[in-house]
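Hi,

Here is the structure I promised to pass on.

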Amino acid sequence: MYIIRSVTRHEKTLFKVLRGTSDAAIAFSHLCQLLSALGFQERIRGSHHIFTRDGVVEILNLQAKGGKAKPYQVKQVRRVILEYKLAQVSDAEE
């Protein structure tokens, strides 16, 4: 038996980032919220949103462009998520 639950905004954004087919269409605020949900700390310097996390060597420096994330920065986020195995997708079964 499967338990059906709704997909959160973080999960939707994560799926979009990992799929890699709509890098130019990801909302900047959603990408920032996803990184926070994945345990990254954010600090802001002007228009730069800088994300760091213990155990992750890379520093993600993001800027919005018209409310959207820049495609090359979405690719950087995807690479870090995959390299450090930060995305845990689980099936709820009973």
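The largest nonpolar core has 20 residues, and Val17, Leu31, Phe40, Val77 and Ile81 are the ones with the most contacts inside it. Two or more residues each come from α1, α2, β3 (56–62) and α3. The largest share is from α2, which gives five residues. As background, nonpolar side chains in soluble globular proteins tend to be buried together.

Before you read too much into any of this, keep in mind that the model is predicted.

For orientation, the protein has three helices and five strands. Starting at the N terminus, the elements go α-α-β-β-β-β-β-α. The C-alpha trace spans about 50 × 30 × 20 Å along its principal axes, and 31% of the 94 residues count as buried. If you take contacts between residues at least 6 apart in sequence, 46% of them join residues at least 24 apart.

Now to α1, which covers residues 9–19 and has Thr13, Leu14 and Val17 buried. Those three sit on the same side of α1, because they cover an arc of only 105 degrees around the axis. On the face turned away from that buried side you will find Lys12 and Arg19, both exposed. What covers the buried residues includes α2 (28–37) and α3 (71–83).

Which residues does Val17 contact, leaving aside its neighbours within four places in sequence? The list is Asp23, Ile26, Leu31, Leu34, Val74, Val77, Arg78 and Ile81.

The packing of α1 against α3 is worth a look on screen too. Their axes are 9 Å apart and the helices pack at an angle of about 100 degrees. An angle of 65 to 115 degrees counts as roughly perpendicular, so α1 and α3 are roughly perpendicular to each other. From α1, Leu14, Val17 and Leu18 take part, and they meet Val74, Val77, Arg78, Ile81 and Leu82 in α3. By class, this contact has seven nonpolar residues, no polar ones and one charged one.

Cheers

Technical notes:
Residues numbered from 1 in each chain as written. Predicted model: local features only at pLDDT ≥ 70, side-chain atom pairs only at ≥ 80, totals over all residues. Heavy atoms only, no water. Buried < 20%, exposed > 50% of the residue type's maximum accessible area, 1.4 Å probe, protein only. Helix = DSSP H or I, 4+ residues; strand = E, 2+ residues; numbered from the N terminus. Arc of directions from axis to C-beta. Contact = heavy atoms within 4.5 Å. Axes fitted to C-alpha atoms, helices over the stretch in contact; angles between N-to-C directions. Parallel < 35°, antiparallel > 145°, perpendicular 65-115°, else oblique. Nonpolar A, V, L, I, M, F, W, Y, C, P; charged D, E, K, R; others polar. Core = buried A, V, L, I, M, F, W, Y, C linked by side-chain atoms within 4.5 Å.
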